[in-house]
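I set out to record what I looked up in this structure, entry by entry. The contacts of one residue come at the start, and the wider picture follows.

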Amino acid sequence: SLQPGATEIVYALGLQDRLYGVTSKCDYPAGARDKPVVVRSIFDGRHLSSGEISRTIAQYLSKSQKIYEVDQEVLEAANPDLLLTQAICEV
């Protein structure tokens, strides 16, 4: 799961045993914290407002810089047949 909301849905459906990895932002339910982290944000947005996060993302994207880092080794170890994700949304 490359999106926290999708991780929550997987757990709500009782499919957590089929979920291999998550993002660094996947912290609910608590069991998600025990899964390997596949994706990390390249900046720490914990203390930023939604507007500040939006501006930071816009700055990175305007410079064609990535905003997420994928751990290739973890992803390859997962050998996924399905990735749960979303496009970047408007904040």
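This is a predicted model: local features need pLDDT of at least 70, side-chain atom pairs count only at pLDDT 80 or more; totals for chains, interfaces and linings use all residues.

Entry 1, contacts of Ala 32. I looked up the neighbours of Ala 32 and found that Ala 32 touches Thr 7, Tyr 11, Val 22 and Cys 26, leaving out residues up to four places away in sequence. Contact here means heavy atoms within 4.5 Å.

Residues are numbered from 1 along each chain as its sequence is written, and side-chain values use heavy atoms, with hydrogens and water left out.

The pLDDT, the predictor's confidence in each residue from 0 to 100, averages 90 for the protein, and 96% of the residues score at least 70. I found the highest confidence in helix α1 (residues 4–12), with a mean of 96, and the lowest in α2, with a mean of 88. Helices (H or I, at least four residues) and strands (E, at least two) are DSSP runs, numbered from the N terminus.

Which residues make up the largest nonpolar core? I listed six: Val 10, Tyr 11, Leu 19, Val 22, Cys 26 and Ala 32. Such a core is a set of buried Ala, Val, Leu, Ile, Met, Phe, Trp, Tyr and Cys residues joined through side-chain atoms within 4.5 Å. Buried means under 20% relative accessible area, exposed over 50%, and partly exposed in between (1.4 Å probe, protein chains only).

I located Thr 7 in helix α1. Thr 7 is buried, at 0% relative accessible area. Beyond four places in sequence, Thr 7 touches Ser 1, Leu 19, Val 22, Cys 26, Tyr 28 and Ala 32.

I traced an open sheet of three strands, ordered β1-β2-β3, with mixed pairing. β1 (22–23) and β3 (68–70) stand at the edges with a single partner strand each, so one side of each has no neighbour in the sheet. Two strands pair if DSSP finds at least two bridges between them. Strand β2 (residues 37–41) runs antiparallel to β3, and three bridges join them. Ser 41 has Tyr 68 in β3 as its bridge partner.

Val 37 lies in strand β2 and is partly exposed, at 22% relative accessible area. Neighbours within four places in sequence aside, I found Val 37 in contact with Val 22, Thr 23, Ser 24, Asp 71 and Val 74.

Rings of Phe, Tyr and Trp (its six-membered ring) pair if their centres lie within 6.5 Å; planes under 30 degrees apart count as stacked, over 60 as edge-to-face and the rest as tilted. I counted one aromatic pair. Phe 43 and Tyr 60 are stacked, at 5.8 Å centre to centre and 15° between the planes. Phe 43 is in the loop between β2 and α2 (50–62), and Tyr 60 is in helix α2, 17 residues apart. Phe 43 is buried, at 14% relative accessible area, whereas Tyr 60 is partly exposed, at 22%.

I found one salt bridge in the structure, defined as a side-chain nitrogen of Lys or Arg within 4 Å of a carboxyl oxygen of Asp or Glu. Glu 69 forms it with Lys 66, the closest N and O atoms being 2.8 Å apart. Glu 69 is partly exposed, at 38% relative accessible area; Lys 66 is also partly exposed, at 48%.
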